[in-house]
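Hello,

Here is the structure I promised to pass on to you. Have a look at the sequence and the model first, and then read on for a short tour of what turned up.

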Amino acid sequence: MASLTSSIVFDDIFSIQKINPEGIKLTEVLPVSRLHAKSKNYGMELTLDYNSEIFPLNVGQDVALALASSLTRGPAASQDATDEEDRDRDVWRPDSKGRRGLEDDYGYVMHGRVYRFDPGTGEVVTAYASFGGLLMSLTGSFRHMTNIVLGDPVFLLMRK
């Protein structure tokens, strides 16, 4: 798990077990696929919709997945900062003048919101998030998802 000073609220390595198990792509217009994966460290189960054209994946492949509350590497900048440079240091900018964030370490990033938590049996829970209509469900022990907060925005980051 991530440290207390990090914006990462969950991270693990997942092994992809299935892609589009229903046998069809989710949409005929957009290159969206649905993967099913199991984590190597925590035994979590992941179902995730993703853009398969810009981030192609294969069954049997391992991917590192992280959920973060922001893209900053450390704690977020204070909101009462008076210096303009201090306020802008954590802002992503296409001209690369902002500070480098977590997105530089990953090949695929989505922004969304945690919209639901389902209690399961015992200590197993499921967290649901939507990333502009691309959905994620993460199921496993609540102990590994204590930093994921219902209603909060979240960044999903993946790398091969």
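The protein chain has 1 helix and 8 strands. Helices here are DSSP runs of H or I with at least four residues, strands are runs of E with at least two, and both are numbered from the N terminus. Reading from the N terminus, the order is β-β-β-β-α-β-β-β-β.

Before the details, a word on where the values come from. This is a predicted model, in which local features need pLDDT of at least 70 and side-chain atom pairs count only at pLDDT 80 or more, while totals for chains, interfaces and linings use all residues. Residues are numbered from 1 along each chain as its sequence is written, and side-chain values use heavy atoms, with hydrogens and water left out.

**The chain as a whole**

Of the 160 residues in the protein chain, 39% count as buried. Buried means under 20% relative accessible area, exposed means over 50%, and partly exposed lies in between (1.4 Å probe, protein chains only). The chain exposes about 9100 Å², with 51% of that supplied by carbon and sulfur atoms; these areas come from the Shrake-Rupley method with a 1.4 Å probe, and for residues only the protein chains shown count as cover. Among contacts with a separation of 6 or more, 61% are between residues 24 or more positions apart, where contact means heavy atoms within 4.5 Å.

I13 is found in strand β1, and at 37% relative accessible area I13 is partly exposed. Leaving out residues up to four places away in sequence, I13 touches K38, S39, K40, N41, D62, V63 and A64. Its C-alpha atom is 9.5 Å from that of A37, which is 24 residues away along the chain.

In general, most residues other than glycine have a negative phi. N20 counts as buried, because its relative accessibility is 14%.

H36 is in strand β2 (residues 32–39) and is partly exposed, with a relative accessible area of 22%. The C-alpha atoms of H36 and Q17 are 5.7 Å apart in space, although the two are 19 residues apart in sequence. Beyond neighbours within four places, the contacts of H36 include S15, I16, Q17 and K18, as well as L46 and T47. With T47 there is also a side-chain to side-chain polar contact of 3.1 Å. A polar contact is a pair of N or O atoms within 3.5 Å; within protein, one must be able to donate a hydrogen and the other to accept it, and residues adjacent in sequence count only if both atoms are side-chain atoms.

**A loop residue**

T72 sits in the loop between β4 (62–68) and α1 (84–88). Is T72 buried or exposed? T72 counts as buried, because its relative accessibility is 8%. Its side chain makes a polar contact with the side chain of S70 at 2.8 Å.

**A nonpolar lining**

Lining the second largest cavity are L67, V114, A127, A129, M136, I148 and V154. By class, these are 7 nonpolar residues, with no polar and no charged ones. Ala, Val, Leu, Ile, Met, Phe, Trp, Tyr, Cys and Pro count as nonpolar, Asp, Glu, Lys and Arg as charged, and the others, Gly among them, as polar. A cavity is a set of points on a 1 Å grid over the protein atoms alone where a 1.4 Å probe fits but cannot get out, and lining residues have an atom within 4 Å of a point.

Best wishes

How values were computed. On a 1 Å grid over the protein atoms alone, a cavity is a set of points where a 1.4 Å probe fits but cannot get out, and a pocket is an open set with protein on both sides within 12 Å along at least five of seven lines; lining residues have an atom within 4 Å of a point.
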